[in-house]
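Hi there,

Here is the structure I promised to pass on. Have a look at it first, and then read my notes below.

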Amino acid sequence: MSTVCELPSSSFEHLLHRLYAVQRQFLHIPPQAMHQIAIEYNVPISQIAAVVAFYTFFHTETCGRYHILFSNCTSCGYLMDGHNLMQMLCDQLQVIPGKTRQDGLISIMETSCIGMCDQGPSLLINDVPFSRLNPGRINQIARQIISEVPVTDWPETWFEISNALYRRDLLLTESLVPGSALQIAFAQGAEPTLKKIARSGLRGRGGAGFDTAHKWQSCRTALGDTRYIVCNADEGEPGTFKDRLLLQRYVDAVFEGMTVCAAAIGAQKGFLYLRGEYRYMHPHLIEVLEQRRKLNLLGSQILGQADFQFDIDIVVGAGAYICGEESALIESLEGKPGIPRIRPPFPVTHGYLGQPTVVNNVETFIAAAFIALKGDEWFKTRGTELSTGTKILSISGDCKFPGVYEYPFGTCIQRILDDCHAKNVQAVQVGGPSGRLIHPQDFDRVISFEDISTGGSILIFGAQRDLLIIHRNFAHFFAHESCGFCTPCRVGTRLLKNHLDKIANDRSTMVDMLEIKRLSHLIQHNAHCGLGHTAANHILDGLQNFPHTFEHHLQNDFSAQFDLHRALANARQIDQQSDAENPLD
Ligand SMILES: Cc1cc2nc3c(=O)[nH]c(=O)nc-3n(C[C@H](O)[C@H](O)[C@H](O)COP(=O)(O)O)c2cc1C
Ligand code: SF4
């Protein structure tokens with residue numbers, strides 16, 4: 001490659017998008033490109049290099065022209081046998097996982113959940129998702145690649161994503177005429193709209209359940225020159241895919257909710273932060289935004305309001321679960337590595353570019369749009385006293401009907417299992433790996449902020465499953481996704497992963513279990529952000545609710561994790577060294 005890169009021409013664009021375009025052209029991000037981009041963006045090259053190093057979708061080594069990412073989440077990888085399918089494709093194409101084939105045609109890697117848990121096993125090829133894989137489809141994919149057929153020319157039916165929606169309730173039975181909620185919000189005014197949201201009791205649907213009206217009000221009254229609205233569409237929690245469906249079928253309501261919020265708090269600019277795994281939705285989102293501009297629902301003087309202007313940009317991430325954490329997301333929006341900020345101050349006062357910023361989940365904005373339209377009393381016809389309205393759930397794992405379901409808050413787990421035809425259930429993981437592992441004796445507990453709260457994932461494990469494999473998968477996930485900023489999480493999640501590998505290899509004793517418990521509490525209480533606080537939840541729940549999962553792998557006597565004889569065996573064979581205790585085989 002020459003010393004000066006011929007980069008794709010661009011007007012000023014988001015740094016992540018710029019790097020993505022470079023990578024599309026060169027199949028990696030070369031040092032010369034980083035240098036040139038640093039000059040363009042007027043930042044030190046070290047900042048560009050840090051961004052490239054942080055996001056797993058950016059590469060400094062050349063990827064294949066067919067770059068394949070297999071989802072290694074529990075659903076796709078273990079429950080649906082995706083690991084074996086990956087090995088099968090690697091064998092057929094003679095690729096070593098994690099490496100680019102020598103002729104540069106193919107690279108195959110694992111990636112964290114790509115939001116296809118209801119239709120796994122799944123993968124992305126050059127950002128295009130393929131789901132419901134089986135050995136037959138793997139053969140077909142291998143043949144297309146060997147013949148070097150461009151992915152865009154493959155049969156369309158292979159790309160079909162089903163958005164199975166099995167239960168609709170308050171929100172998803174409604175359809176929203178674009179602009180209808182906004183019109184009411186303008187007619188009523190900012191303060192009454194905020195009061196309506198407050199009376200509805202709406203709480204954030206991203207997991208933590210923070211009071212939405214309180215967040216909006218705090219942002220409205222915070223000191224600042226410009227206010228920002230951010231829709232968190234990072235949806236990286238393994239087992240969660242409801243935002244995938246909402247963004248494809250209800251995105252007008254998402255943008256409407258963002259604009260209602262902007263009108264209520266006086267914001268001028270919005271962003272929808274879309275996870276890199278959902279890049280294929282980008283054109284659809286851009287199209288809907290364009291339609292809304294034509295309808296004067298975005299831009300200046302929206303619906304004739306002389307003093308109101310607001311527009312929304314889409315920013316696509318690059319493969320980092322931590323960017324779902326709101327302050328990490330804001331860092332990423334600013335073109336930096338997604339490392340969570342020290343809080344306080346909170347985004348409502350010091351968010352994007354240090355200005356007051358509201359961050360809400362996709363589903364929260366949809367609920368806000370419908371509350372603006374239909375009123376708080378309508379919303380409160382569902383749910384419990386402290387958890388009003390409904391929750392949209394992503395249900396997957398061992399059940400007959402995996403897909404998206406909307407339930408009133410207060411619905412018990414057993415009802416959900418009955419509806420999706422889950423039989424002989426051993427355990428349910430609610431809220432993804434960072435959530436809770438629920439025992440059948442607790443299936444009468446309910447989904448709500450006062451009982452079991454969730455961002456939306458329900459993962460079902462039948463009696464035939466080995467829960468230890470699931471714990472191991474979750475531990476690997478957290479060790480991989482820890483951003484590395486703080487020691488308790490960076491080191492702790494890796495130690496937990498090693499411990500779970502050790503148990504799975506039948507080399508642990510009761511002493512290890514005590515150490516795992518100690519480590520879990522240490523990470524929970526000393527980590528810097530929510531990822532670390534919750535990374536060991538599944539282990540602590542497992543130890544309490546399913547102790548046999550671990551116990552039947554334990555040894556009575558101490559046995560070293562490291563087998564010196566086995567490690568030296570090859571070397572001894574090569575130089576024909578032997579000793580009395582370990583004679584050559
Ligand atoms: C590691 C981590 C990942 C998160 N991922 C998401 C996510 O994908 N989507 C989301 O809305 N919130 C996510 N959150 C929660 C956000 O930080 C934030 O609370 C939320 O976006 C606020 O929106 P809400 O009030 O509407 O729930 C995550 C938090 C953590 C700690
Ligand atoms: S807890 Fe983990 S993810 Fe959060 S800041 Fe620390 S290292 Fe990063």
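Let me begin with one strand, β10. Thr 390, Ile 392, Ser 394 and Ser 396 point one way from β10, while Lys 391, Leu 393, Ile 395 and Gly 397 point the other way, and all are buried. In numbers, 8 of the 8 residues in β10 (residues 390-397) are buried, so the strand counts as mostly covered by the definition of burial, 20 or more other C-beta atoms within 10 Å. Please keep in mind throughout that this is a predicted model.

What does β10 pair with? Strand β11 (residues 403-408) runs antiparallel to β10, and 6 bridges join them. The two form a hairpin with 5 residues between them, and Leu 393 stands opposite Tyr 405 of β11. β10 also pairs with strand β14 (residues 457-462), this time in the parallel sense over 4 bridges. There, Gly 397 stands opposite Ile 460.

Is α17 enclosed or open? Since 11 of its 15 residues are buried, α17 is largely enclosed by the rest of the structure. Among those buried residues are Phe 474, Phe 477 and Phe 478, as well as His 471, Arg 472, His 476 and Glu 481.

Two of the covering helices matter for the ligand notes too: α18 and α20 each supply at least two residues of the shell around ligand 2. That shell has 14 residues, and the closest are Cys 483, Cys 486, Cys 489, Cys 529 and Gly 532. By type, the shell divides into 9 nonpolar, 4 polar and 1 charged.

Finally, there is an open sheet of 4 strands in the order β2-β1-β3-β4, with mixed pairing. Its edge strands are β2 (106-111) and β4 (128-130), each pairing on one side only. On average, neighbouring strands of this sheet are turned by 25 degrees against each other, direction ignored. β1 (residues 66-71) pairs with β2 in the parallel sense over 6 bridges, and His 67 has Ser 107 as its bridge partner in β2. Helix α5 (residues 82-93) lies across β1 and β2, running at about 165 degrees to β2.

Best wishes

Methods: Residues are numbered from 1 along each chain as its sequence is written. Chains are lettered from A and ligands numbered from 1 in the order in which they are written. This is a predicted model: local features need pLDDT of at least 70, side-chain atom pairs count only at pLDDT 80 or more; totals for chains, interfaces and linings use all residues. A residue is buried if 20 or more other C-beta atoms lie within 10 Å of its own, exposed if 12 or fewer, and partly exposed in between; C-beta atoms are placed from the backbone. Two strands pair if DSSP finds at least two bridges between them. A residue is near a molecule or strand if its C-beta atom, placed from the backbone, lies within 6 Å of it. Ala, Val, Leu, Ile, Met, Phe, Trp, Tyr, Cys and Pro count as nonpolar, Asp, Glu, Lys and Arg as charged, and the others, Gly among them, as polar. Axes are lines fitted to C-alpha atoms, for helices over the stretch in contact, and angles run from 0 to 180 degrees between N-to-C directions. Two residues are in contact if their C-beta atoms, placed from the backbone, lie within 7 Å.
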